[in-house]
Amino acid sequence: MTSVNVPVVESALLEIASRKGIKTGRDRLAEMSPQCGFGELGTCCRTCYMGPCRIDPFGDGPQTGVCGISPDAMVARNMLRETVGGTSSHVGHARHVLLTLRDALDGKAPYEIKGESKVLSLAKIFDVPTEGREIVDVCRDLVNIALEDFGRQDELPNNWISKRAPQAEQQMWKDLGLMYSNPHNEIETAMHASSMGNDADPLSLMMRVLKMSLIDGWSGLALTVDLQDILFGTPEVGFTEAAVGVLEANSVNIATHGHNPVLSEKILYWSERMNSEAVTAGAERINVVGVCCTGNELSMRHGVKLAAHNSQSELILVTGAVDAMVVDIQCIWPQLAQVAKCFDTAFITTDPMVRIPDAHHIPFEPQHADESAQQIVREAIAAFQRRQDKPVDIPQHKSEAVVGLSVEAIVGVLSKLDPDDPLKPVIDNVANGNIFGFAGVVGCSSIRFRDGAMTEEMVKHLLAHNVLVVTTGCTAHILGQAGFLTPGATNLYCGDGLKAVLTALGEAAGLGGPLPPVWHMGACVDNSRVVDLLVAVADRLGVKVGQLPAVGSAPELVQEKAISIGGSFLALGVSCHIAPAPRILGGPMVTQLLTQDLADVTGAVVRVELEAKGAADWMIDHIGEKRAALGLDLATVGAP
Ligand code: BF8
């Protein structure tokens, strides 16, 4: 196993950028510092034109906005709008995939149904008859159920949450007034309520935050993943490599970046079929690699190599070896177009929502997917021809990585041990303390935390204390690059209990070695798979999800989407660590609500820890408290 740590990868790329005179996000962050303290605390309001209003939380200066709004209401209102931003992204993604699937079923878009098993399992959940029916007809019924959610004005419960979410938690959400009907109506209501002169009650606003987060969880994440599995198949365990060293000097390198596999699946498909055109142009082959979440999507279904997480997206361009960077939606830095201009790289935008000056825009609509994808691949080959005989700088860092651990894949592996009760070995080992608990370490990569390897250091502490880690998003790239997604990492980092159980499970399942200690579950939308796993374990134990010895962490928060995803975990009763602090500290009541009082509402709290060991220690303590509450008195078994 080759293993590197991310700062090595990044310092190599930063050295190349500096040598070539290219500014990076770190330079721009330094120029921007110190950043606005009012903004950081959440007490800057730009909602109306009597403002912007700024409230000094330390008592100097005005204590309300011009309209009289309190600091807590200001903070809560800002947080609601952040959550709407995150939820809109995921719900928009879900709707795009839904319409693509509808068009595919109607013969209007060139996509097939690769996930028949997902169609059948969803049919069971949604009471769609399957006996003697064609799979496309079953699928059409599911599409109509999902479409109904986006059109309804009857205030009846949303199908995807009311059928997909666990029943015990639904009762809690009903009691708290958090259940919802049409996600679009709720997004409108949240924007309306948070505009000037409406909701000014911080508690009411924070309940809207939780409700919006639930919408994210079920009509965003879960719906997207269910539909993508129908179209592209449910991921299976596979092997890949991660880090910039996956670029190939003599190949046409196409970096797919963004989130929506409706585009990247077609780029991959046509790259495989147009390889001979690349060879004719002088290349060894076409090498499709993945950046950010679209990278996770392709890696877990096709083993596509993972080139970069979000804060490396501009850095891999300085290699000069990326012939085309093709982007769809979300987390696309406008700066990418400027860096691409320094090289022969074709920076290609495809979605009408993502127009970036100096990018080459090739509109991509699912109905004409094949034509657009072929055009994009040809642009990449042309860019390769332009760079021929020019030197490239590809740092030779990469690590192996096991990817694609969907819940179905995990159950598949465990079934080899106990086909009748696949989760039993996991449950037994949680009970005896070999698995101390579970941590979902998810979210972004932030240049504020990268140089300290925040995520890697935190995960090392967790594994040493026998906490099994699951990961998604850019965090999955970070951990993949650092070698945590390999069987070898089990021996390197795990405490004795976790090492023993992962070794026994891996060997019994016929893998010839331990399971990796960090399980790659996909992109950020695949946090719904993390929820599905927790629900399955909770069901098997006969407890609520919030009672499990489990905790979440977004150790390098960047995006609004991470806020709404975190909120969906809080609504389930799963406490979350986060760094940096969300923008709430200027509102004492909101801060107390999220860090303490929420425990009496959903059972979860938020914890801010900016340093890796402190974060891991809190997570381990929290898991210990959950174990004690469940009566698992072997709370310290296996801890070093
Ligand atoms: O949805 S982890 S920087 S790429 S927001 Fe964006 Fe964050 Fe990366 Fe994926 Ni998720």
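Visitor: In β12, which residue is the bridge partner of Val-441?
Guide: In this predicted model, five bridges join β11 to β12, and the two strands run parallel. Val-441 takes part in that pairing, and its bridge partner in β12 is Thr-471.

Visitor: Which residue in β14 is the bridge partner of Ala-439?
Guide: β11 also pairs with β14, in the parallel sense and over four bridges. Within β14, the residue that partners Ala-439 is Val-551.

Visitor: How many of the residues of β11 are buried?
Guide: In a regular strand the side chains alternate between the two faces of the sheet, so each face has to be considered. On one side of β11 lie Gly-437, Ala-439 and Val-441, on the other Phe-438 and Gly-440, and all of them are buried. β11 is therefore mostly covered, and the count of buried residues is five of five.

Visitor: Which strands stand at the edges of the open sheet?
Guide: The sheet is formed by six strands with parallel pairing, in the order β13-β12-β11-β14-β15-β16. Two of these strands have a single partner each, so one side of each is left without a neighbour in the sheet, and these are β13 (518-520) and β16 (606-608).

Visitor: What is the average twist from one strand to the next?
Guide: The value refers to the open sheet of six strands, in which the pairing is parallel. From one strand to the next, the twist averages 25 degrees.

Visitor: At about what angle does helix α26 run to β14?
Guide: Helix α26 (residues 612-629) lies across several strands, namely β11 (437-441), β12 (467-471), β14 (550-554), β15 and β16. Taken against β14, the helix runs at about 160 degrees.

Visitor: Which elements are included in what covers the buried residues of α17?
Guide: Helix α17 (residues 424-431) has Pro-425, Val-426, Ile-427, Asn-429 and Val-430 as its buried residues. The helix is followed by Gly-433, whose phi is positive, near 90 degrees. The cover over the buried residues of α17 includes α16 (407-415), β11, α22 (496-508), α23 (527-541) and α26.

Visitor: Is α10 roughly parallel or roughly perpendicular to α24?
Guide: The axes of helix α10 (residues 202-232) and helix α24 (residues 560-572) come within 7 Å and cross at roughly 100 degrees. Angles from 65 to 115 degrees count as roughly perpendicular, which makes the relation of α10 to α24 roughly perpendicular.

Visitor: How do the residues of the contact of α10 with α24 divide into nonpolar, polar and charged?
Guide: On the α10 side, the residues include Leu-210, Asp-216 and Gly-217, and on the α24 side they include Lys-561, Ser-564 and Ile-565. The division is six nonpolar, five polar and two charged.

Visitor: Is Ser-271 buried or exposed?
Guide: Ser-271 lies in helix α11 (residues 261-273). Leaving aside neighbours within four places in sequence, Ser-271 is in contact with Ile-254, Ile-286, Val-288 and Val-377. Since buried means under 20% relative accessible area, Ser-271, at 3% relative accessibility, counts as buried.

Visitor: How far apart are the C-alpha centres of domain 1 and domain 2?
Guide: The protein is divided into domain 1 (69-232), domain 2 (244-387) and domain 3 (400-637). Between domain 1 and domain 2 there is contact, with 15 residues of domain 1 meeting 15 residues of domain 2. The C-alpha centres of these two domains are separated by 30 Å.

Conventions:
Residues are numbered from 1 along each chain as its sequence is written. This is a predicted model: local features need pLDDT of at least 70, side-chain atom pairs count only at pLDDT 80 or more; totals for chains, interfaces and linings use all residues. Side-chain values use heavy atoms; hydrogens and water are left out. Two strands pair if DSSP finds at least two bridges between them. Axes are lines fitted to C-alpha atoms, for helices over the stretch in contact, and angles run from 0 to 180 degrees between N-to-C directions. Contact means heavy atoms within 4.5 Å. Angles under 35 degrees count as roughly parallel, over 145 as roughly antiparallel, 65 to 115 as roughly perpendicular and the rest as oblique. Ala, Val, Leu, Ile, Met, Phe, Trp, Tyr, Cys and Pro count as nonpolar, Asp, Glu, Lys and Arg as charged, and the others, Gly among them, as polar. Buried means under 20% relative accessible area, exposed over 50%, partly exposed in between (1.4 Å probe, protein chains only). Domain bounds come from an automatic or database domain assignment.
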